[in-house]
Every structure is written in structure tokens, then in C-alpha cells.
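This briefing goes through the two chains and the contact between them, grouped by topic. Please read it with the sequence and the model side by side.

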Amino acid sequence: MSVQTRINNYRKTKTWVDVMPIATLVVLVILMSIGSPRFLLPANLLGLLSQSATLLVMGLGQTFIILLGSIDLSIAPVAAMATIIAAMLIPDLGYGAFVVALLYGAFAGLLTGIIHTKARIPSFIATLGAMGVWTGIGFIVSNATPISVSLANGHYLTWVTENTLGVSNVVYLALAILILTFVLENYTRFGRYVKAMGAGEKATYVSGVAIDRYKIYAFMLCSTLAAFSGILLSTRMSGGSARMADGFLMKAIAVVILGGTAISGGIGGVMRTFVGVLIVMVLDMGMNMAGVNPWFQQAVYGGIIILAVALTIDRSRISIIK
Amino acid sequence: MQDIVLEVRNISKKFPGVQALDRVNLQVKQHEIVGLVGENGAGKSTLLKILIGAYQPDQGEVLVRGKPVRPRSVKEATDFGLSMVFQEQSLLSNLTVQENIFLGNEEAFTRFGVINWKKMKREAEKQLAKVDLDLDPGTYTYKLNFATRQMVELARVIAMEDRTKFEPIVILDEPTTVLDGNEIDLLFSRLHKLKERAAIIFVSHHLEEVLKITDRIYVFKDGKNAGELITRETDVNEIHRLMVGRELRGEYYRQGKQIKPEEDVVIKVENLTKSGKYKDVSFDLHKGEIISFAGVLGSGREDVCRALAGLDRADGGKISINGSKLEIDSPSAAIKAGIGYVPQDRGVEGLVLYLSIGPNITLPDLSNITHRGFLSPKSERRLAEHWIERMSIKAPGPNALCLNLSGGNQQKVVLSKWLATKVKVFILDHPTRGVDVGAKEEVYELIRELAKQGIAFLLIADTLEETIGLSNMIFTMKDGEITNRIEAPADNKPLPIDLIKHMM
């Protein structure tokens, strides 16, 4: 194939949605390094990455749901519940507490998935309800007070925040999840079916795919990753509380959309979410340096989500917007 | 000499791959009922959609009372006096009759944003009286039966005359499909009364009815005018002739390659029944055989095919594949039985348009590209290239989204998908719809080749010629039952007229 043919083929398969996020990232990085010369220092960048690890893991889980064309609003309370479970059970179970927290995540996803598919309740409503349920249960179980992990048990947590080869372990963990989800998305039946369902559920059904089963798997994956991100949070905060994951939902959705995964489903993927996280990382740093009020930052992310969806949504596929 | 209230002049409309309307002309005079007939795909619905503002013509003009109009929405069309009673009822069942009659036109009863219900009710009573319907306008629409709803729709359409100072032009699209004998007579008597204050276009497959109620008849064929008849001077046979007149071009359908089916029965269907759709459908499909179902809307043929594809389970009856009874209750059951369904609506049920060729072909059976539990993009690419070559699929590259392929090439991807699963039976639902002529011939060629290899086909074709040209056997269906079984061997093909009389 000649070079020109290759270029033409590339042009026909790529759209500006593919290119925009990376271009945005590059522009932001350039702006930041002009504004703050210390920005590009490895120490700085790695520090930023470890702060974003939680968000990345949460975003990766949400990516699969958005690829389906659905949404999971319950990820923050699920993460918070995971922090509570971890903090409460460490004294008795040690590392086993983390396993329980992950199992809880899978269970929460299973529940949501079954309600969504078998009772035919739109994901928006099913996960909104789940959000309420887990928030409430979180408060009850923790007695509305943060639970700290005593110094004696601290070693269960610090292995995550310690450095290996100069990089915080949390970064390795997040990157491991990134690789895992990348493989799931591109090299497994599950990933293929999720993409197909999001892009054309009816045709996928006619091709004989068990739609409900794979949707449930997707919700289980999302909630388990939310629980995992909760575990990362609990190690950073040395404890657990029902409010620990506040504010994460908006950002987790923002990173998926900003990265270029379409809200209508079928297009996008975990690598794009990774780019989205990098964009948010840089944006956060910029806003902090500019002294923007943290509460206002929520408003900024809200606005960004609206703008990003307005730019990327494929209106030809959804003629009636509700 | 009556005035011409509606004139359609040289209207053309093209969709990707198909010329839906080609310079058609039509005139409707005051106080006249004009019939519009033609096969599926002749262009009737396209013209109607243009008249009511849902489509824009590429060329030509529409004149209402001598003035050119170009409605860009249904509301605009009603402002010009054009409105339609739809085939698939358009009333909102959760609203009352009066709300439906004035839906979108409540301004006459609104003051400062508040609706005067009493006034609306009085007005609604007036409109209902015009169609002789004795009904409380406050009744909720979901409580009414189909025939009454149709009358309410008619009242809604006629209500327009009070808004536009002119007599309305009313279009009725297949109004009798949901009605039984008595209700049809009632409708006709009301139409006679309506005629005194409106001009009417009556579109229907039921030719006896068209002959009963209309003054003149237009026949469309392949998007063109095929004839204009004066009702009292014509008969069913002449209409039939004009509807299907084109000579069958034998080699277009590769009749020379038509084979005799083998002895083995691949699918045996016994008394397949689904209440409201079809009844006691029984047949045997042999290896290498092509059986077509011929019938109009409501004949049940699409529903029977969907039942065999696992998409719309039958209520009763038995299906046996190679001798053993099978419950085909889902697409995966049908696929396991070796049945591949090529749907009418390719873009929704046949292909995932936003995925490329490879992922679409591998979707029913990923084991073709799975090594040790993981998908191999390389295998997929090789598979896509194999099918692109084998089926001569014209695509910018193997990674091109199916969205960007032409109708014919999209269809080839759908066929490849099933061939990759070693399908034994193809159910083809309007397989050449939206496919250009060249690609159509490729599809016909392919069907012959596959039949020779022993694959059997159930076919719902777009036109009677296609039905006759391709099949070994034709089942005509009407109102859910098989009305006749006509053999169509290559050297003795039946004529369209032989089929139509069993279809309508």
C-alpha cells in the first residue's frame, strides 16, 4: 500500500473526536510548562500521577458502562463503602479486608446489573437508586463517623503509598489496572460484546449475543473497579468514611467524556480515558495554581462535561434527546 | 369542470442507491376521490411523505390551488390544507379525543397560555358530527377500538378546514387494513359525505375497495407513473397489468443457474401460528431450494420469517431441523440451528454500523478468531480480507466502518457474517432493498452459487418479478394464511398476474 493510500485510509477512519483529546492535552501541557517551569519535572509529574490514580481506576470502570451507552451513577458511594469495609476489617482480616471490599464491589455491580437488565430499568435510574442505597448504608455502617486505621495496623496500608524505584506504588497499581482493562477491552469477548452492544444493540442481539449477561458483567467490572479505587483512597487517607469519595462521580464521568468516549456508546475506550485523566490532572494543577476555589472547580467540571458532550455527541444516532 | 386543488408536477426524489420517484405527476380535483395504487416500493409512501412535509423533493413542485407550496414540516403542510390519516395510527392514546383532534392547534382555545376546555369540547363535538361520530370528546383515546380511532383521525384531519378557509385535501394511507367489513362500509359512507367538502387521495392495496370508492386511479410503478384510469371504465385486471407490466428479464435473475432442489428436507414447519399475525403455516424447505413468500402488508410473511429467525416467537406449531424438533426462541437458537437472518432493516438489525467489517463478520462466532481465550486482531484482519475478496466487497480498507459502505456492500458483509458461521438456511427479508442494480445482480449470482452448494433460502423479495425470477417455489400469503403454492421452475415461470390474485 502506498503512503498516500495509507494516509487516505487513516483519514477515512479517524475523526476529529479521535484527535481532539490528545491535541487538547498537548496544548494544556505546553501552556502549563510556560506558566510554571517546574511542571515538566519528573518528580512533579509522578506526584500528579499518584494523586490521579484513584480517579483513573474509577474512570476505567465507568468507561465500560459508557461504552455500553449507559451510565453508572453509583460509583462514588460504592468506593466510599469499600473504604469503610477496608478500614473496619483490617484489624481482623489484615489483607483479607481488601479482598472483601473487592467482593463487595462485584456484588454491588451484580445487583445493579440484574435490576437494570431483568427488571428493564434504565441504567440512569437503577444506578441512581443504587447510589442512594449505598450512601445510606455507608452512613449507617460507619455510624456517620470516619474510621481510622490504627498505627499498629498501618503497615497494611503503607505498602501502597510507599515508593518503589522512586515511584509511588499506587501508580504501578493504577497502570496495572490500565493494562488489565486494555486487554479486556480489546482482546476478550467481553470487551468486543460491550463495544458491539453500545454501537448497535439490536444487531448484536440478532447475532446471537447474550445481551443481558454481558451487561451484568460490565456493571460488575465497573463497581469492582470503583471498590478498588476506594481501597486506594483508604490507603492514602489511612481510614475510611462515607464521604471519602465525594465529588468523584463528576470527575470520573468527565475523564471518560473528555478522553473521547462517546456518550452514545460504542466508540472510545480505556486509552482515551487515560488521556482524559491526564487532561484533568493538568487542568487541576492549573486551577490550583491560579487559586481557583475548590468548590468552583466542581462547577468547571460540570461545564466541561456539557461542552465535551455537546461537541462529541453523534446527533445523527440519537434523534430524540430526552 | 372541476377545479384542480392539488397538482404534483414532475416530482423526483432519490435516496442512496435508489430513485424513489422519477418525475411523477398527479392531479386531484375538488370533491374528488383519487386512488393511488402500486406495488411495495413503487413510490407511493415517498410521494405522500413529500406532500405532508416529511420529505423534500429533489425536483419538481407541488401546487395547491395553483400556488406552489413547499411544506417543510407536517404543521406547515396542514397550514396549506394537506393532511394525512396515517396507516400506523398517529393518535396519542393517553390523551382525550378532543385533545387529539386539536393537537398542535390549540391556539384557538388558548388565552394567555391557558386552555379553555369547555370551548374545545364544543368545537370537538362539531368536528365529530362531520364524520357522524357520536362520541364524548372527553373519552380517553386508549379506550376506543381501531375503527373509532380512525374516525377520530379523520375528524382531526377535517378540523383543519375551519383553520384554513379552504377545503382540506385529505390523504388516507391504507385506511382499511385495521377494519372489518361493516366498518369499511361505514368508512365509505362517511367518505362519500366528506367528498362534498374535501378532496381525497385514497391509497390502498385492496383493489376492490379502490374500485368501489374512487373516481379516478393513478398507478405507480418503480417510482414512475404507469397509468391514469377512470374508475368506472376500468377493472382489476387492467390495474394489475399496469402495476406489474415490465417483462421479466430472465437472465437478470440468473434463471439459467436455477437448480432443482435436493430431496433432503432442511426445515419442516407444521401449523405455525401466531394470533393476529399468521395461522397454520406449514411447509418443507429442501436443500438447495429457494422458497419465496409473496404477499402485501399484513399478509404475515415477515412475521413468519422473524419467527424462524428467533426474533418473534410463534404461539403454536412445530419447527423441525433435519428431523428433530426445535424451539427457536432466540437468535442464538436460530444460529445454532444453522439459520442466518438477513433483515429488512440492515443498519439496525443486520450490522453494527459503527464497527468495521471484521468485527461485524466475527460477531456471531468469535471462536473463529480466538486463540487461547484471547481475540487476535491479526486473525480478524485476515478473516476480513478473506471475505472482502471472496464477496468482492468494495470498501476503503478493512478498517472502514460499515457506515461508509454502500447498501450493496453492506449487504455483502451481512451475508459474509452468516457464511462464516457455516449457515445452512438463509432467511432473506427484502435483500436487495436500497441496493443498486449492479450489486443486485451480484447478490442474485451469489444466491445461485450458494443454492448449488446446498444452502436453502426463504425469501421475501422486493418485487413480484424478483420473487418469480429467483424462486423454485412461491407461497402466496393473505391475511396470515398461505393461499397458494405455485411452482416456478426455470423453464416455466408463472406470471405476476398468477400471483396477485392470491395476494389481494
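Predicted model: local features only at pLDDT ≥ 70, side-chain atom pairs only at ≥ 80, totals over all residues.

A crossing of two helices is called right-handed if the near helix is turned clockwise from the far one by less than a right angle, and left-handed if it is turned anticlockwise. In that sense, α4(A) passes α5(A) in a right-handed crossing.

**Overall form of chain A**

- Chain A contains 14 helices and four strands, and its C-alpha atoms fill a box of roughly 65 × 55 × 35 Å along the principal axes.
- The radius of gyration of chain A is 20 Å, which agrees with the value near 20 Å that a compact globule of 322 residues would have.
- Of the 322 residues of chain A, 47% count as buried, and residues 24 or more positions apart account for 78% of the contacts in chain A that have a separation of 6 or more.

**Overall form of chain B**

- Chain B contains 18 helices and 24 strands; its radius of gyration is 25 Å, close to the 23 Å that the globule rule gives for 504 residues, so chain B is as compact as a globular protein of that length.
- The box filled by the C-alpha atoms of chain B, taken along the principal axes, is roughly 75 × 55 × 45 Å.
- In chain B, 46% of the 504 residues count as buried, while 68% of the contacts with a separation of 6 or more are between residues 24 or more positions apart.

**Helix packing in chain A**

- The axes of helix α4 (residues 75-93) of chain A and helix α5 (residues 96-118) of chain A come within 7 Å and cross at roughly 150 degrees, and because angles over 145 degrees count as roughly antiparallel, α4(A) is roughly antiparallel to α5(A).
- On the α4(A) side of this contact are A:Val78, A:Met81, A:Ala82, A:Ile85, A:Ala86, A:Leu89, A:Ile90 and A:Leu93, which meet A:Gly96, A:Ala97, A:Phe98, A:Val100, A:Ala101, A:Tyr104, A:Gly105 and A:Ala108 in α5(A).
- The residues of the contact of α4(A) with α5(A) divide into 14 nonpolar, two polar and no charged.
- An α-helix has 3.6 residues a turn, so residues three or four places apart point the same way.
- Helices α9(A) and α11 (residues 211-237) of chain A pack with their axes 10 Å apart and at an angle of about 110 degrees, which makes α9(A) roughly perpendicular to α11(A).
- In this second pair, A:Phe190, A:Tyr193, A:Val194 and A:Met197 of α9(A) meet A:Ile211, A:Tyr214, A:Tyr217 and A:Ala218 of α11(A), and the residues of the contact comprise eight nonpolar, no polar and no charged.

**Buried segments of chain B**

- Six of the eight residues of helix α1 (residues 44-51) of chain B are buried, so this helix is largely enclosed by the rest of the structure.
- The buried residues of α1(B) are B:Lys44, B:Thr46, B:Leu47, B:Leu48, B:Ile50 and B:Leu51, and the helix is followed by B:Gly53, whose phi is positive, near 90 degrees.
- In helix α9 (residues 236-244) of chain B, the residues B:Ile239, B:His240, B:Leu242, B:Met243 and B:Val244 are buried.
- The elements of chain B that cover the buried residues of α9(B) include the strands β3 (33-37), β11 (216-221) and β12 (224-230), together with the helices α8 (207-213), α17 (464-470) and α18 (496-503).

**B:Asn409 and its surroundings**

- B:Asn409 is found in helix α15 (residues 407-419) of chain B, and because it has 21 C-beta neighbours inside 10 Å, B:Asn409 counts as buried.
- Leaving aside neighbours within four places in sequence, B:Asn409 is in contact with B:Ile393, B:Lys394 and B:Ala395.
- B:Val435 is 26 residues from B:Asn409 in sequence, and the two are 8.4 Å apart in space, C-alpha to C-alpha.

**Contact between the chains**

- The contact takes 20 residues from chain A and 25 residues from chain B.
- On the side of chain A that touches chain B, α1 (3-13), α9 (189-199) and α10 (201-206) of chain A each supply at least two residues, and the largest share, five residues, comes from α10(A).
- The residues on that side of chain A divide into eight nonpolar, eight polar and four charged.

Notes
Residues numbered from 1 in each chain as written. Chains lettered and ligands numbered in written order. Contact = placed C-beta atoms within 7 Å. Nonpolar A, V, L, I, M, F, W, Y, C, P; charged D, E, K, R; others polar. Axes fitted to C-alpha atoms, helices over the stretch in contact; angles between N-to-C directions. Parallel < 35°, antiparallel > 145°, perpendicular 65-115°, else oblique. Rg over C-alpha atoms; globule rule 2.2 N^0.38 Å. Buried ≥ 20, exposed ≤ 12 C-beta atoms within 10 Å, placed from the backbone.
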